[in-house]
Amino acid sequence: MREWLEINKRLLPDLMELLKKRYTILHEIMSSDLIGRRTLASSLHMSERVLRAETDLLKSQGLIETETAGMRISEEGRKLVIQLEPLMRELLGMRELEETIREAFGLRQVIVIPGDADASPAVKQELGKAACEVLNRSMGKDDVIAVTGGSTLAAVADQLRSSSARKGNWFVPARGGLGESLEYQANTIASMMAKRVGAQYRLLHVPDLISEEAYQSLKQEPNIQDILSVIRQARIVVHGIGDALVMARRRHVDEATVQALQEAGALAEAYSYYFDRNGHVVHTMLTLGLRMEDISRAEVVIAVAGGKSKGEAITAVLKFGHEDVLVTDEAAANEIVRISGLDVPKKPS
């Protein structure tokens, strides 16, 4: 395939660029289900005039359908996108990005989705879909799967499906989360994932952040001890990655702690730990749930995060060195490569 792409690049460079553009448009429409032209143009950083000409052509070919509320992909268009995906991953340079990051950080697998989750909500859904494929391949019988909260993990839960019921598996929250938006709490995500695949779940009904006194009291409760014992048996951990200061403020951390995080150079947050640019833990929030030693013992740790703005945070967590699989998008992957000073083999286009 690489040789074929190189030949076409030299003989038909304009055609290859046109193929990339039309595939990207179709892929975005498919990911969005239904989308208006103005929103689509903004997501693709394309003028409405140019986009209109392209979508008119795609409509004439029976690849998209239009209605009052916007455009959606046709069944023929969906089949074409799926058929083109392996070729386009080569053409867009996803394979090179994946392998470069995988080797640099010693990961088992890296999956890079085209696009930027910061610019397009559809990309976040694609991240969720890709993470679900990894999770389904990783799950065995009687596994405990610990999941964190956040909008990206909510997208994973929304996309999760399984061809067979996983009755022996347990989904559990990696930590407490009362007080956050309900749909983004780890409890909500764990229960949703379990219901999607016919598995079982346990919930941890404690706040995400607690005082030392409350921590000492709660961990003595028999019910809390029971669920914690299950959480700490997790063979698989699925988690998001956040910007340290954004996550601290979202969780209503006091200003003194926020200032301490800034002074310590905290860039990333994952599973209640804050990391600097070198991957060192500079702060740990007092919370009930997974501990560092539990994460170290887990056989499969899957990080799911995208968007150019997350590039630094993802890089910091990767340097920590406990991840096995990274699911990210093109914009974040390019930032990881830039920040880390990595050399990516030249794309064939």
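## Asp324

Asp324 counts as buried because its relative accessibility is 13%, where buried means under 20% relative accessible area, exposed over 50% and partly exposed in between (1.4 Å probe, protein chains only). The model is predicted: local features need pLDDT of at least 70, side-chain atom pairs count only at pLDDT 80 or more, and totals for chains, interfaces and linings use all residues. Residues are numbered from 1 along each chain as its sequence is written, and side-chain values use heavy atoms, with hydrogens and water left out.

Asp324 sits in the loop that links helix 15 (311-320) to strand 13 (325-329). Helices (H or I, at least four residues) and strands (E, at least two) are DSSP runs, numbered from the N terminus. Beyond its neighbours within four places in sequence, Asp324 has contacts (heavy atoms within 4.5 Å) with Leu107, Arg108, Gln109, Glu299, Val300 and Val301.

Seven strands form an open sheet in the order 3-13-12-7-4-5-6, with parallel pairing. Strand 3 (109-113) and strand 6 (200-201) are the edge strands, each pairing on one side only. Two strands pair if DSSP finds at least two bridges between them.

Strand 4 (residues 144-147) is joined to strand 7 (residues 236-239) by three bridges in the parallel sense. Ile145 stands opposite Ile236 of strand 7.

## Helix 6

The buried residues of helix 6 include Met94, Leu97, Ile101 and Phe105. After helix 6 comes Gly106, with a positive phi near 65 degrees.
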